[in-house]
Amino acid sequence: MTDQPQGDESAPTPEELREQVEHTREELGQTVEALAAKADVKAQAKERVAEIKERAAEKTTHVAGQLREKAGQAAQLVKDKTPDPVLDKAAHAAAQVRDTATRAGHLAAEKTPDPVREKAATAATVARANRTPLIAAAAALVVFLLLRRSRRHR
């Protein structure tokens, strides 16, 4: 047994050795990059924070949707359980309040200075643009007050 190559097994050429060395260097470089990424605690923390923020935003959206749905169901339940005479009285009272408010508004508009009127008009425009959230908030307030009132009478 000698160290001499036999048959097809010949010693690698210098070019083959260079290619093997280059390939080994590339693998080593990739391994070092992977280890550096694992050791980069700051980058890992940032990624984790981003993941947590994204999950929190998704959860917030989901919970907000559930709250809107529950508030709508509660408002409908209150409306369904309220006797017709009470609904009629409420509608009549609402009409009276609207009429009185309209009259008071006209009177106030006559006596209000122009700059104040302009600011009020701007506020009214914003309120009209955000009508749905305002209505939802008012409905939630009414439900809360009705529930609170019904618990007091028990």
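Good morning. The protein chain exposes about 14100 Å², of which carbon and sulfur atoms supply 60%; accessible areas here come from the Shrake-Rupley method with a 1.4 Å probe, and for residues only the protein chains shown count as cover. This is a predicted model, in which local features need pLDDT of at least 70, side-chain atom pairs count only at pLDDT 80 or more, and totals for chains, interfaces and linings use all residues. Residues are numbered from 1 along each chain as its sequence is written, and side-chain values use heavy atoms, with hydrogens and water left out.

I begin with the overall fold. The protein chain has five helices and zero strands, in the order α-α-α-α-α along the sequence. Its radius of gyration is 38 Å, well over the 15 Å that the globule rule gives for 154 residues, so the chain is more spread out than a compact globule. That radius is taken over C-alpha atoms, and the rule is 2.2 Å times the number of residues to the power 0.38. Helices (H or I, at least four residues) and strands (E, at least two) are DSSP runs, numbered from the N terminus. Along its principal axes, the C-alpha trace spans about 115 × 50 × 25 Å. Of the 154 residues, 1% count as buried, where buried means under 20% relative accessible area, exposed over 50%, and partly exposed in between (1.4 Å probe, protein chains only).

Two residues illustrate these classes. Arg25, in helix H1 (residues 14–39), counts as exposed because its relative accessibility is 56%.

Leaving aside neighbours within four places in sequence, Val143 is in contact (heavy atoms within 4.5 Å) with Ala74, Ala75 and Val78. Gly72 lies 71 residues from Val143 in sequence, yet their C-alpha atoms are 9.9 Å apart.

In the largest pocket, the lining comprises 14 nonpolar, two polar and four charged residues. Ala, Val, Leu, Ile, Met, Phe, Trp, Tyr, Cys and Pro count as nonpolar, Asp, Glu, Lys and Arg as charged, and the others, Gly among them, as polar.
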